[in-house]
Amino acid sequence: MPDGFRPAGPVLGVTRSVTGRRWLWREADGRTGLAIAQRLDLPELVGRLLAARGVGPEAAADFLEPTLRALLPDPSVLLDMDVAAARLASAVREGETVAVFGDYDVDGACAGALMVRALRQLGCPVTFYVPDRLKEGYGPNPAAIRELCARGATLIVCVDCGIAAHEALEEARGQADVVVLDHHKSEGPVPRVQAVVNPNRLDCTSGLRHLCAAAVAFLAVVALHRVLRRAGFFARTEEPRLFDLLDLVALATVCDVMPLTGVNRALVAQGLKVMARRGRAGLAALLEVGQVRDAPTAHSLGFVLGPRINAAGRIDEPDLGLRLLLCDDPIEARAMAERLDAVNRRRQEVEAEVLGSALAAAEAQAGAGHPVLLVCGEGWHPGVVGIVAGRVKEKFNRPACVAGLAGGVAKGSGRSVPGLDLGAAVIAARQAGLLESGGGHAMAAGFSFLADRQAEFHAFLDERLARAADLPDAADLLVEGTVTVPAATAELAQQVERLAPFGAGNEEPIFALARARVVRADRVGKEGNTIRAFLEGEMGGRLKAICFRAKDGPLAQALLGSRGVPLHLCGQLRAERWNDEVSACLHVVDAAPVPPGAATG
């Protein structure tokens, strides 16, 4: 439906779907969309979708065909990058032992693997270290720094951590230089080390605040190669292909939920091409274990690879994900991938145990009118509280914090909704003396507090984020167009596909399908939690539909129990390929009953 003909009010009149959401039109400038379509000879739909994402006619070509040549910034725009590159180059030329200190999540594992591989390819002896989440906590600690110095490291490179580790990094003074490659928010002065490269340090004006740590590490390697090239280093040895590192950058960018716009879009698009070749033994094995048989997509990275790598850092060996990414032996890589898969299943079991109790407690708090939900439980595993917080936030559409209690101390994590800065509130609570530790960014935060301060901390969050009380019970669903069953073709799905990769900042378009009849629906998959359906339109036509993670929820009930009564459906229209044939499939995300006598459009 062209923008100029969109009716006022909710899409198809849906003010409360079966999941409790309103269906609203996503704002878009129809004239800009038409201008894009005419300028690039595109279907008008593609032009409108680009315009809805804030893409203008001048940037549309690079958005559709993102390249590093057009979008990669000069690494030197990052403060301290030239100093960091010079110190890394010196370590390469002198053959120094370098220690890479990483983090236990996907971004940390990818940034660590990227830096270790890049330095080893240049001839540097490299060791690495990932702290144990339960025993050591997040980031560098004095004991770990002392250990790396004892291993003979004369240069320590911190990736995805270090910006706040002032005391720990002081341990290296006089023994090893330190370079920090981070992206987390800085509250004040940076550590007194050789170089601190972080687009989110307060005095950095690069404009690259949405880079993940692996992207910062990649730019550091680009800068390192430039220094070495200018010094003639590659006159006597072949220069490694930096392009081959982009699969790691793509994985980290997607899993750290960075916006897929600008340079991030190019990094992910090109990184997916590298990953599709399956040349990295660890990722190839993990794709196989995750049953990703086609070319990987951003969805594969975020929902297949990422959770398995993250699982090790949450409840198992913290460096298992990093070791998988460094592994070149297919047999060894397969064994590690299977172990990560098993660990991830165990993580899901632990998460499920915590989630039920957390949702029940959150339900009571939401009913009592709390703008922010803060739930705690004795023995809740700290490795899953962040995931559970995200689930609670999704269900109640308000900031949610979840913490595990042990020994009178609560350690937890929080997730927020757009427009409410949870990280700033947590930092303020720490500065007010309510927390033992705490920090984060707008959408996520971590914290710890003494158990007897829970009520004070909760009241503080309620006051700071009081606007959450005005949010609806469920987040609105933004729709970009309506289609009929006959119009939901493979050709249309392939046009939409041109805007991929999809993710944060470039959400996959949602379309509303009016008055569709479910002619058949059944449960599929090992657990039976996925619903497969076949739809028929009022004017004929057939369309396959799928609804993942439906379980016994309202979407499952709507699809399985419609009994031929028309439904309004919302979802993503995707192209599916099988035996060189392409078909369309609606990935259902919401449904609503059709009011008696409702109009079609």
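Reader: Let's start with Asn310. Which helix is it found in?

Author: Helices here are DSSP runs of H or I with at least four residues, strands are runs of E with at least two, and both are numbered from the N terminus. Asn310 sits in helix H13, residues 298-315. Before we go on, this is a predicted model, so local features need pLDDT of at least 70, side-chain atom pairs count only at pLDDT 80 or more, and totals for chains, interfaces and linings use all residues. Residues are numbered from 1 along each chain as its sequence is written, and side-chain values use heavy atoms, with hydrogens and water left out.

Reader: Is Asn310 buried or exposed?

Author: Buried means under 20% relative accessible area, exposed means over 50%, and partly exposed is in between (1.4 Å probe, protein chains only). Asn310 counts as buried because its relative accessibility is 17%.

Reader: And what does Asn310 touch?

Author: A contact means heavy atoms within 4.5 Å. Leaving out residues up to four places away in sequence, Asn310 touches Tyr104, Asp105 and Val106.

Reader: Now the strands. How do S2 and S3 pair?

Author: Two strands pair if DSSP finds at least two bridges between them. Strand S2 (residues 98-101) runs in the parallel sense with S3, over four bridges.

Reader: Which way do the residues of S3 point?

Author: In S3 (residues 126-129), Val126 and Phe128 point one way, Thr127 and Tyr129 point the other way, and all are buried.

Reader: What about nonpolar cores? Which residues touch the most other members of the largest one?

Author: A core is a set of buried Ala, Val, Leu, Ile, Met, Phe, Trp, Tyr and Cys residues joined through side-chain atoms within 4.5 Å. The largest has 95 residues, and Met115, Leu119, Leu181, Phe218 and Leu251 touch the most other members. Helix H9 (residues 213-230) gives the largest share of this core, 13 residues. Another core, of 42 residues, lies apart from it; among its members are Val46 and Leu535.

Reader: I always check cysteines. How many disulfides are there?

Author: A disulfide is a covalent bond between the sulfur atoms of two cysteines. The test is a pair of those sulfur atoms within 2.5 Å, and the structure holds zero. The sulfur of Cys204 is 15 Å from the closest cysteine sulfur, in Cys212, so that is too far for a bond.

Reader: Where does Glu480 lie, and what does its side chain meet?

Author: Glu480 lies in the loop between strand S12 (477-479) and strand S13 (481-483). Its relative accessibility is 4%, so Glu480 counts as buried. A polar contact is a pair of N or O atoms within 3.5 Å; within protein, one must be able to donate a hydrogen and the other to accept it, and residues adjacent in sequence count only if both atoms are side-chain atoms. The side chains of Glu480 and Arg26 make one at 3.3 Å.

Reader: Last one: what about backbone angles?

Author: Most residues other than glycine have a negative phi, and most peptide bonds are trans. Here, Ala500 and Pro501 are joined by a cis peptide bond, with omega about 5 degrees. Arg563, not a glycine, has a positive phi of about 50 degrees, and Arg563 counts as exposed at 75% relative accessibility.
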